[in-house]
Amino acid sequence: MARPVFFQALRAAVIALAPVFLGAAVAAEPAPGIAMYGLPALPAGFTHLPYADPAAPKGGRIRFGESGSFDSLNPWILNGRPAQGIAAYVAEPLMFRSIDEPFTLYGLLAESVETDPDRTWVEFTLRPEAKFSDGAPVTVEDVIWSFETLGTEGHPRYRVSWGKVAKIEQTGPRSLRISFNTADRELPLIMGMRPVLEKAQWAGKDFASEMQMAPIGSGPYVIDKVETGRFITLRRNPDYWGKDLPVNAGRNNFDEMRWDYFGDGGVTFEAFKGGETDSYLESNAAKWKTDYDFPAVRDGRVILAEIPHHRPSGIMGLVMNTRKPLFADWRVREAMTLVFNFEFISKTLNGGTEPRITSYFANTPLAMQPGPATGKVAALLAPFAADLPPGTLEGYALPSSDGSELNRKNSRAALKLLAEAGWHVADDGVLRDAGGAPFKFDIVLQQGTAETQSIVDIYVEELRRIGIFPTVSTVDDAQYQIRKTNYDFDMTYMWVATTLSPGNEQYLYWGAKGVDEPGSRNLMGMRSPAAEAMIGAMLDARTPEDFTAAVRALDRVLTAGRYVIPFWYSKVTRIAYDRDLHFPESLPLYGVWPGFPPDVWWYEAEK
């Protein structure tokens, strides 16, 4: 018996489709929250988040299953593969992000935030009661040390924003001010989301290489037990300083959270079926229909739920590494996309029920519009027109097939483009260049990714029909992370989640620094002044029209760049979970996001 999906469709749709700008910035004064545009939705003095139930009981535990392994307890650096849970539940930022609004923060470690109308600086005032789990107070010195260390020694995702900081200084016993050297209206929020670590714990340690020390945080959970590569358990801190804050009412309900690691996705699913874990997110629509008729579902011990959302599709697919000369030509990338028979693959693997990703922001008003660029979008792109791939301004749509297995029409079109790029099928049936070298590349995949492997298996057969014989290298989790970090692949799987309020993270995803700097999300190796200019326009936008135009223009640059061969996405989150787990009836704008956040769920045994 499946529990009904509780979703207030009208409310969510109105929020999702409403402009994210609500008015001009107000004059500088301390406030309990800050929104990217306009004012926070919740008034001062709110009692709890709208998607949390303050009456939720405390207690019990939740167990998750993860594919792969981990070798690090430091999620804030490039080295290693960090364990789950630490970043979200052990450490805390100054401000808490609500997932019921596009981009709004409410005070957590900080009791107030203040910024000027142009957001050239931001000032935070710490709560006097804030403390780490060892009882030490959270101080301004801890905050400044954390921000400086993350910005200089931490993961590259912290460095772009830190490069825009002109000065960080203490302004009072519990306050600090950060001044910026760049016009970027998102920076006050980015600083509010940085984790705050205990400076004293890291004295004498090399932050960039330390991976085995259990970090001390100020969050609701502490690290309890760890067996590297196998499991990590977090225990709720009964002395958590912030348990009575409005943002925490009805949150952090489990006494224990545990993540067990399994060899691959198939083993993880079997562990769930066997009762070793308590929840499982299913991404495949066909499997959702066929693989969930096991005893625990039939007798009601496992609940099946489809939870709608209004978050963007993001981009998921096979990315081509343009650092490699083979994929530097857009015609070659278009040919690779033509050969990818989406309609046949989708019908074969998931029954053809899911829509294709046609935009990096599909499922939202931020997605590029069909046809030629017009108005503000066209004006933003015009200075870069000479260097943009065909279709960016004129309009670009992914190729589609008739759904037949052979995909002859698109294969002919692919061979024509490849011939223009200097590749021809030789007498031996192999696609070769003028010098006789074969069109050869390697697709790198992670072990245990069965669905992606199935997609690639069909794709490889399609490529062979036009004389391309790629190799497929399947490597373990650790090796895969190393190769991805160092861009050591020709083609690989890529998934980047996007939000309703894209901002500075887009530089990490698509910025030119990521071409050579290891560890960025710019797996395709794109170096596009147009993309960076569109990101800058997003960050400097003052009206909803300007913001939407900048995002749509960026979407055109990315999509027409033909860097990724997109798969499909779902407009619902499919989750199977133990009947003793419960969640509030009021769901947030982003739905169950990111992934499966347990912070507003609770344990209560069914009678």
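How do the axes of helix H17 (residues 529–539) and helix H18 (residues 544–560) cross, and within what distance do they come? In this predicted model, the two axes come within 8 Å and cross at roughly 160°. Angles over 145 degrees count as roughly antiparallel, and H17 and H18 are therefore roughly antiparallel to each other. Their crossing is left-handed. Sorted by class, the contact of H17 with H18 has twelve nonpolar residues, with no polar and no charged ones.

Let us turn to another pair of helices. The axes of H10 (residues 342–350) and H13 (residues 450–464) come within 11 Å, crossing at roughly 140°. That angle makes H10 oblique to H13, and the crossing of this pair is right-handed. On the H10 side, the contact is made by Phe 344, Ile 345, Thr 348 and Leu 349, while H13 contributes Glu 451, Ser 454, Ile 455, Ile 458 and Glu 462. Here the classes divide into five nonpolar, two polar and two charged residues.

H13 also takes part in the surroundings of helix H9 (residues 330–339). The buried residues of H9 pack against H13, strand E16 (315–320), helix H12 (408–420) and strand E22 (564–566). Eight of the ten residues of H9 are buried, so this helix is largely enclosed by the rest of the structure. Among those buried residues you will find Arg 333 and Glu 334, along with Val 332, Met 336 and Leu 338.

Now for helix H3 (residues 140–153). Its 14 residues reach 19 Å from the first C-alpha to the last, close to the 20 Å expected at 1.5 Å a residue. H3 is mostly covered, with ten of its 14 residues buried; these include Asp 142, Trp 145, Phe 147 and Gly 151. The cover over the buried residues of H3 includes strands E7 (121–126), E8 (165–172), E9 (175–180) and E10 (195–196), together with helices H4 (159–162) and H5 (187–192).

Finally, let us visit a loop. Leu 587 lies between strand E24 (581–582) and strand E25 (602–603). With the cut-off for burial set at under 20% relative accessible area, Leu 587 counts as buried at 9% relative accessibility. The C-alpha atoms of Leu 587 and His 309 are separated by 8.8 Å, although these residues are 278 residues apart along the chain.

Definitions and conventions. Residues are numbered from 1 along each chain as its sequence is written. This is a predicted model: local features need pLDDT of at least 70, side-chain atom pairs count only at pLDDT 80 or more; totals for chains, interfaces and linings use all residues. Side-chain values use heavy atoms; hydrogens and water are left out. Axes are lines fitted to C-alpha atoms, for helices over the stretch in contact, and angles run from 0 to 180 degrees between N-to-C directions. Helices (H or I, at least four residues) and strands (E, at least two) are DSSP runs, numbered from the N terminus. Angles under 35 degrees count as roughly parallel, over 145 as roughly antiparallel, 65 to 115 as roughly perpendicular and the rest as oblique. A crossing is left-handed if the near helix is turned anticlockwise from the far one by less than a right angle, and right-handed if clockwise. Contact means heavy atoms within 4.5 Å. Ala, Val, Leu, Ile, Met, Phe, Trp, Tyr, Cys and Pro count as nonpolar, Asp, Glu, Lys and Arg as charged, and the others, Gly among them, as polar. Buried means under 20% relative accessible area, exposed over 50%, partly exposed in between (1.4 Å probe, protein chains only). The expected span of a helix is 1.5 Å times one less than its number of residues.
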